[in-house]
Amino acid sequence: MSYLRLEKAVMTNLQESLRRELLRTNRSGAYSSSTLVDCNTRKYHGLLVVPVPELDDENHVLLSSLDCTVIQHGAEFNLGLHKYQGNNFSPNGHKYIREFDASLVPTTTYRVGGVILKKEVIFQHYEDRILIRYTLVEAHSATTLRFRPFLAFRSVRQFTHENMTASREYHEIDGGIKTCMYAGYPDLYMQFSKKNEFVFQPDWYRGVEYPKEQERGYASNEDLYVPGYFEMPIKKGESIVFSGSTSQIKSSSLKKLFDEEVADRKPRDNFYHCLVTAAHQFHNRQPNDDRYLLAGYPWFKARARDTFIALPGLTLAIGEIDYFEMVMKTSEKALREFMDDKPISGKIYEIEQPDVPLWAIWAVQQYAKEVGRDKCFEMYGKLIQDIVKYILDGKHPNLRLDDNGLLYSNGRNKAVTWMNSTANGKPVVPRSGYIVEFNALWYNALKFCASMAAEKGDAKDAEQLETLAVTVKQSFVETFVNEYGYLLDYVDGNMMDWSVRPNMIFAVALDYSPLSQDQMKSVVDICTRELLTPKGLRSLSPKSGGYNPIYVGPQTQRDYAYHQGTAWPWLGGFYMEACLKLYKRSRLSFIERQLVGYEDEMDYHAIGTISELFDGNPPFHGRGAMSFAMNVAEILRTLKLIDKYSYQK
């Protein structure tokens, strides 16, 4: 049985199928996404969603959907599905679905009377092109297919409505037509591998509604433009390939191209292979050959902190050292530009956040474990030395080294940590001063850099860094360890945050910890009792004030819940690393059971990947972005750690 196969009962039940989403991406940042039954429920959904750099830095929905109608003996059976205002669904094509299988490429099988039609969808890796292959598996009489494209031509953050500005002009091309609704947009090329007739029948379909936007407190409906329809006969056993793209292609090459793209895909036949495929979806290559990791889909860009945290899991953990080096090359350039107070030339965002240099050193540290310290020093020795010197010299605008060896950062008026939600222009969680994970990362960085310097014979630098590390260790314990056995989240003068939060887990999980063995065990025990869920660590303990675990409702309501009890799988990765570090093989079965909670997600929210965050209370629904890089990365890194500890005696 296929690993990602869903039966008819699930597909035809809209309460089940509409919450399951599909995501297909390419290396430019373009993507195709919808629900399993092709009913768009987000404004971010679309069959062809592409960046249009001439307009802005956002993605744009060109082709929203493509409805297929099966015609036999004059009877029409529309396989499409849209939600309209008033909770009306039409034309209810989901009721014809017999099964769905996404193990290789997403494949939906429809049955209409004696007709069995198979639809396979694939997104081309290096072109902004969606390909759909329709195969008539069974038919007892003459069959015709009709295709009706729904066009949007708008930013993913906006909606389109019926207007007189939209161009109705189109031009016939090889196998189809090209059209463009508004100036500044690229042409949309819609082509078929088989000769067809295009019937110009322009109309607006009004009141299309997106329930995910309703849930999030946003406007939720729009009108979509349909220029007409394509029609062609199809014989039993025949396949027809559709291409929707921003560039033209020879229609005669479409079948071969589809086969080549399928051959380039690896089966998602188990948990690990699903995660590897998901990891590749975050890859982003710009025209100048810069390489990035997108923080998530559908709305995140490449963010510096996310990049360095996710990089080891998305590359090293799956044996892709070359891609680590390519992304690191691009990221190092941006980091050096920032440290040299120069404009950032690339497309990596939030490089100014104070913990970013510390996470960069952590990423390099993981690289050293994979390739050896000699190669690591050759590649990144100068970088980590320069980062430490930059911090020691006090050059970072929001990272101050105090006499006690700890790093101080001002986050009272602007969020400076990964807990970055804001409301009314202020951080919801104003973490400021001595921040626990910043200083855990700082101690780890000093010890790692000292050991590298010692190995390279630089005894003076090694001694200076070790001396500072001793001071940091003492100050860390004095500042953060409290009498209840856990760590304060941040300390700013007389302000101490006693909330039980997951950020203390880094002080245990990192290779070099300022804590004693007993202190580390106490931190892990409290995280286990108060923060652990099947979907990672909660961002706040239920016992702490302000616990708000359900991430739903309007923007402000969600902002107040974002880091106040929701569960994050990437934090769970560091928690599991801490467990293995402390208890070795004796915790392997526990960690493996913990991973079951993530494997359950493979066929539930976004097929084959992990959502951005989860409710902190049962049943732990996935929320936010449909696919999140740090979550996928840390689960992959945990799987590699399990292999490592499994073979240790």
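This is a predicted model: local features need pLDDT of at least 70, side-chain atom pairs count only at pLDDT 80 or more; totals for chains, interfaces and linings use all residues.
Colleague: What makes the protein chain agree with a compact globule?

Modeller: The radius of gyration does. For 649 residues a compact globule would have a value near 26 Å, and the protein chain has 26 Å, so the two agree. Along the principal axes, the C-alpha atoms fill a box of roughly 85 × 50 × 45 Å.

Colleague: How many helices and strands are there in the protein chain, and what share of its residues counts as buried?

Modeller: The protein chain has 17 helices and 35 strands. Of its 649 residues, 62% count as buried, where buried means under 20% relative accessible area. The accessible surface comes to about 24600 Å², and carbon and sulfur atoms hold 48% of that.

Colleague: What share of the contacts joins residues at least 24 apart?

Modeller: Taking contacts between residues at least 6 apart in sequence, 66% join residues at least 24 apart.

Colleague: Why is strand β19 called largely enclosed?

Modeller: β19 covers residues 239–245, and seven of the seven are buried, so the rest of the structure largely encloses this strand.

Colleague: Which residues of β19 lie on each side?

Modeller: In a regular strand, side chains alternate between the two faces of the sheet. On one side of β19 are Ser239, Val241, Ser243 and Ser245, and on the other are Ile240, Phe242 and Gly244. These residues are all buried, so both faces count as covered under the 20% cut-off.

Colleague: How do you know that β12 and β19 pair?

Modeller: Pairing needs at least two bridges. β12 (residues 129–138) and β19 have seven, in the antiparallel sense, so they pass that requirement. Within β19, Ser245 is the residue opposite Arg129.

Colleague: What joins β16 to β19?

Modeller: Four bridges do, and β16 (residues 188–192) runs antiparallel to β19. Phe192 has Phe242 of β19 as its bridge partner.

Colleague: What makes the span of helix α10 close to the expected one?

Modeller: α10 has 20 residues, 436–455, and reaches 29 Å from its first C-alpha to its last, close to the 28 Å expected at 1.5 Å a residue.

Colleague: Why is α10 called mostly covered?

Modeller: Of its 20 residues, 18 are buried, that is, under 20% relative accessible area. Just after the helix, Gly457 takes a positive phi of about 80°.

Colleague: Why does Asp38 count as partly exposed?

Modeller: Its relative accessibility is 27%. Buried needs under 20% and exposed needs over 50%, so a value in between is partly exposed. Asp38 is in the loop between β3 (31–35) and β4 (46–51). Although not a glycine, Asp38 has a positive phi of about 65°.

Colleague: Is Phe620 buried or exposed, and how do you know?

Modeller: Phe620 has a relative accessible area of 13%, which is under the 20% cut-off, so it is buried. Phe620 lies in the loop between β33 and β34. Its phi is positive at about 60°, although Phe620 is not a glycine.

Colleague: Which residues does a cis peptide bond join, and where are the prolines placed?

Modeller: Pro298 is in the loop between β22 (296–297) and α6 (304–314). Another joins Pro618 and Pro619, with omega about 5°. Pro619 is in the loop between β33 (613–614) and β34 (622–623).

How values were computed
Residues are numbered from 1 along each chain as its sequence is written. Side-chain values use heavy atoms; hydrogens and water are left out. Helices (H or I, at least four residues) and strands (E, at least two) are DSSP runs, numbered from the N terminus. The expected span of a helix is 1.5 Å times one less than its number of residues. Buried means under 20% relative accessible area, exposed over 50%, partly exposed in between (1.4 Å probe, protein chains only). The radius of gyration is taken over C-alpha atoms; the globule rule is 2.2 Å times the number of residues to the power 0.38. Contact means heavy atoms within 4.5 Å. Accessible areas come from the Shrake-Rupley method with a 1.4 Å probe; for residues, only the protein chains shown count as cover.
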